Amino acid sequence: MARRRLILLAPLAVLAAAGFGFFTMLNRMQKGRFDPHDIGNPMLGKPMPDFDLPGVGGAGFSSADLRKAAAAGPIVVNFFASWCIPCANEAASLANLAKSGVPIWGIAYKDKPPAVQNFLTQGGNPFARLAMDAGRVAIDFGLFGVPETFIIDRHGMIAWHHAGPLDDTSITNELLPKLALL
Amino acid sequence: MKKIPLVLAFLVISGAALAVSDPRELLPDPAQEARAETIGQQLRCLVCQNESIEDSNADLAGDLRRIVRERVRAGDSDAAVMAWMEARYGSFVRLKPRLTFGTVLLWGAPIITLLIGALAVFRYRRTGAAEAAPLSAAETAALGDLLGKT
């Protein structure tokens, strides 16, 4: 009889486990620690891809430039676009990050120079260097949308990756601690 | 006039409507194009995550289609093209996951379900077929009483 009762409890246990799972997912989504659309990035921990990109008006930069600059200290690379609303939302947080002395290099994704210039005039320009990509370099980075942010460490490796807009919370809780370790 | 049968043939074999919106995307060699489509149908569009890049209208899917065709034209094998994509987007880019240690449960789920079902049927049939215990002396007497009364 005891066994039968235990069997009757089994569906309840399954339900409780599922409930706990869903609760954890929703809770983490709310805190920004879980994004169901994020696919991860297999480029993490690998050397950054090679590229040579034109600038917006002025000079752009290449992977060699980035590698050379990163040898002195890690650099944050931000893919953005003037037509992307989440990018406009993260602009203020990026500006704060730049003001705190973290070098950010920007890559405008599938964009036009006048639109980029307009976007940076309106939202502020946090970028130490700026380049334009028609989409191919982004794919080499495993990018699936804008904005996405990477940290290139002293060895030219991709040390960190974030898909979606950054905000002050994710910068304080994730990006800065990672930078401090590099 | 000689072209009419050819045009008709193309109309007949046009096949499923894919998201290729610009005919310039297609490879001139039909065999290569067919290969590129087969590869593309196995690749997930990372923007609309349940569509293949051949079915999706997203910008990124268009870029990925172009790259698949570029690689196919350059003579890459199907496996090489898939590996190129997987290096950038991980195993998630495959619509049909490979059998690895992490996906054993996924691929094994039908077999496991079948086994559980078979076990349930086996147990049910065994208890159902179990013979009832023979009647005790008192029960036999009671039964005889009942039968005698009718």
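1. Burial in chain A. In this predicted model, 35% of the 182 residues of chain A count as buried, where a buried residue is one that has 20 or more other C-beta atoms within 10 Å of its own.

2. Fold of chain A. The secondary structure of chain A is made up of 6 helices and 7 strands, and these elements follow one another along the sequence in the pattern α-β-β-α-β-α-β-α-β-α-β-β-α. Chain A is more spread out than a compact globule, because its radius of gyration is 21 Å, a value well over the 16 Å that the globule rule gives for 182 residues.

3. Dimensions and contacts within chain A. Along its principal axes, the C-alpha trace of chain A spans about 80 × 35 × 30 Å.

4. The contact between the chains. Chain A and chain B meet in a contact to which chain B brings 11 residues and chain A brings 11 residues. On the side of chain B that touches chain A, helix 3 (59–73) and helix 4 (78–89) of chain B each supply at least two residues, and helix 3 of chain B gives the most, with 4 residues.

5. Composition of the chain B side. The residues with which chain B touches chain A divide into 7 nonpolar, 1 polar and 3 charged.

Note on methods
Residues are numbered from 1 along each chain as its sequence is written. Chains are lettered from A and ligands numbered from 1 in the order in which they are written. This is a predicted model: local features need pLDDT of at least 70, side-chain atom pairs count only at pLDDT 80 or more; totals for chains, interfaces and linings use all residues. Two residues are in contact if their C-beta atoms, placed from the backbone, lie within 7 Å. Ala, Val, Leu, Ile, Met, Phe, Trp, Tyr, Cys and Pro count as nonpolar, Asp, Glu, Lys and Arg as charged, and the others, Gly among them, as polar. The radius of gyration is taken over C-alpha atoms; the globule rule is 2.2 Å times the number of residues to the power 0.38. A residue is buried if 20 or more other C-beta atoms lie within 10 Å of its own, exposed if 12 or fewer, and partly exposed in between; C-beta atoms are placed from the backbone.
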